[in-house]
Amino acid sequence: MRRFVLLGSVALALSVIAACGSDDSSDSATPDTTATLTIAVAFYPVEEIVRGVGGDGVQIVDLTPPGGAPHDLELTPQKVTDLEGADLVFYIGRGFQPSVEKALAGLPDNVIKVDLLDTVTLLPVTPQLAGTEGEVDGEVLEGNTDPHIWVDPANMITMTKAVEATLASAAPSEKAAFASNASDYVGELTALDGAFTTQLKTCESRTIVTSHRAFEYLANRYDLKQIPIAGISPDEEPDPKSLEAVAAAAKADGVTTVFFEEQVPKDLSETVAREIGATTDALDPIESITQDRLDAGTTYVSIQEANLASLVKGLRCT
Ligand SMILES: [Zn+2]
């Protein structure tokens, strides 16, 4: 915000010069680099929203490095410094990234802080599957709610609109540009949501066996049922008895594909798949994207399109 106060005086000074008839058109056409809002974001999907809405008019600091895990992120001293220099922060609170919340508590009041969890309807953590042992994993928010809100494209739309409203109030002069950008991105997400709805309408199985409990919002949105393999125990691997319980539940639901994540070892998914004679396929929870994939043009939307193709195949949808 400090920058915007400054920008306001620069703009005023320029208009005064213009009014005096000493305007130099080449000067006024030069983009003022101080016009940039600096926005800190919690992790990748939020970065895509903010970049989508803010366009070139914003500078983004992603607190989670490319390819890094967002859950329980530990901020580096450099990231804390970056955070301190931000005008706005979009984060996921309630214990998702305690080190971010701790740093936010020390920021001055004029930094706009938006907890995106406040913009959507939260789901409770799904009860643990009967027959599995150990504690539920550590990916639980205060209030026993599930943090993985971004896997539902409809939540992404809601968050995009919230980001648009926040940016517009922080930089009213850019309101029209933010609205236009947001409308484009919401259009992409709406098409994605429509594709999920249509293509997952008629499937032989509606049960997704996932490697960790990241897909409840997606399952809830498109009438699927999630059986997570992890989400049984935070640090140690599920015991054989728990894996058997997962396999039995999967078999009862006609599961023929067990999903894994590229970012984690897939041996547990393979164990369950072997037990029930199923195949495995990738399903990405979009918690992070490596720099290589970003450079290759991978986006939230493109990953979700790949996820949808995996689901259509794995659930035998027609
Ligand atoms: Zn997760």
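Modeller: The discussion below takes up the disulfide, the sheet with its helices, and a pocket. This is a predicted model, in which local features need pLDDT of at least 70 and side-chain atom pairs count only at pLDDT 80 or more, while totals for chains, interfaces and linings use all residues. Residues are numbered from 1 along each chain as its sequence is written, and side-chain values use heavy atoms, with hydrogens and water left out.

Colleague: Why is the pair Cys 203 and Cys 317 called a disulfide?

Modeller: A disulfide is a pair of cysteine sulfur atoms within 2.5 Å. The sulfur atoms of Cys 203 and Cys 317 are 2.1 Å apart, so the pair meets the definition. A search of the whole structure finds 1 disulfide.

Colleague: What makes the disulfide right-handed?

Modeller: The torsion about the S-S bond of Cys 203 and Cys 317 is about 100°, and the disulfide is therefore right-handed. Because Cys 203 lies in the loop between α7 and β5 (207-210) and Cys 317 in the segment after α12 (300-314), the pair ties together parts 114 residues apart in sequence. Helices (H or I, at least four residues) and strands (E, at least two) are DSSP runs, numbered from the N terminus.

Colleague: How do you know that β1 and β2 pair?

Modeller: Two strands pair if DSSP finds at least two bridges between them. Strand β1 (residues 37-41) and β2 have 5 bridges in the parallel sense, so they qualify as a pair. Val 41 stands opposite Asp 62 in β2.

Colleague: What makes β2 and β4 edge strands?

Modeller: The open sheet has 4 strands in the order β2-β1-β3-β4, with parallel pairing. Strands β2 (58-62) and β4 (112-115) each pair on one side only.

Colleague: Which strands does α3 touch?

Modeller: Helix α3 packs on the sheet and touches β1, β2 and β3 (88-91), contact meaning heavy atoms within 4.5 Å. The direction of α3 makes about 180° with that of β2; axes are lines fitted to C-alpha atoms, for helices over the stretch in contact, and angles run from 0 to 180 degrees between N-to-C directions.

Colleague: Which helix supplies the largest share of the lining of the second largest pocket?

Modeller: Helix α3 does, with 5 residues.
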